[in-house]
Amino acid sequence: MEKRLTLSMPSFGRPQRTIRAIEHIANQNVNDWEALVTGDGCPVMEDFINSGTFIDMIKDCQRRGNNLIVTNHKKNRGHHGFALTNEHIQKANGRWFMFYANDDVILENHFQNYLSEVENTNLDFAFFNSWVNCNNMPRMSQLKYGSIGHSELIIRTSFLKKMPVHDHKYGHDWQLIKDMLAETTKYKKATSGHQTYWVMSVPNNQEKNID
């Protein structure tokens, strides 16, 4: 059965941050979604699965009509999880699609915030501002290289599945946006003033006191 939303989260390492990221998925204040959380040949994720770390959380999500799906790929393919991103897009069963990095944080109204701009519209995608927590400032997203990424996007899944696949090169998130802009004019910047996606680390300012 189709869901409102699919969330994609490739994962490697960062055990404390991965647990935190999954807890934030499970604590969303809306239902009828699926989250595809996949380790990229990740020993940490394998340990989590074998120890049943997320079993109670998965069951609680199911009771509320959501699918929290936690798996681990047998082989690591690296490059920012591009291969898992492609797999998640093809497997997605939600009408809308969002991305999440396992070292970031989403607020409990994140799904609600992003969906509020696109549901019951003819848009193919919308983009948002995010909060860069380590710099204590918002990222004011723009449709240009270096000013937007996966985290600021919500995309109609049927449209996304028609796009060229991600490749291993750095900047594949911007390439996706370029491909989308070449195919549609049905997009907008969100009017919502809420920054519900929090980037916790940037290259020159890493989050401290967590693995």
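**Cysteines.** I looked for disulfides (pairs of cysteine sulfur atoms within 2.5 Å) and the count came to zero. This is a predicted model, so I kept to its limits: local features need pLDDT of at least 70, side-chain atom pairs count only at pLDDT 80 or more, and totals for chains, interfaces and linings use all residues. Residues are numbered from 1 along each chain as its sequence is written, and side-chain values use heavy atoms, with hydrogens and water left out.

My scale here: buried is under 20% relative accessible area, exposed over 50%, partly exposed in between (1.4 Å probe, protein chains only).

**Cavity.** Next I went after cavities: on a 1 Å grid over the protein atoms alone, sets of points where a 1.4 Å probe fits but cannot get out, with lining residues having an atom within 4 Å of a point. Points are joined across faces, edges and corners, and the volume is the space filled by probe spheres set on them. I got one cavity of 30 Å³ or more.

Helices here are DSSP runs of H or I, at least four residues, and strands are runs of E, at least two, numbered from the N terminus.

**Positive phi.** Most residues other than glycine have a negative phi, and I noted two exceptions. Arg14 has a phi of about 55°, in the loop between strand 1 (3-11) and helix 1 (15-26). Arg14 is partly exposed, at 34% relative accessible area. Asn136 also comes out at about 55°, in the loop between strand 7 (130-132) and strand 8 (137-139). Asn136 is exposed, at 58%.

**Thr196.** Last stop: the loop between strand 10 (187-189) and strand 11 (197-199), where Thr196 lies. Thr196 is buried, with a relative accessible area of 2%. Which residues does Thr196 touch, not counting residues up to four places away in sequence? I found Val105, Ile106, Leu107, Asn109, His110, Asn113 and Tyr114, taking contact as heavy atoms within 4.5 Å. Thr196 and Asn109 are 87 residues apart in sequence, yet 7.0 Å apart in space, C-alpha to C-alpha.

Key: 1 Å grid on protein atoms, 1.4 Å probe; cavity = no way out; pocket = protein on both sides within 12 Å on 5 of 7 lines; lining within 4 Å.
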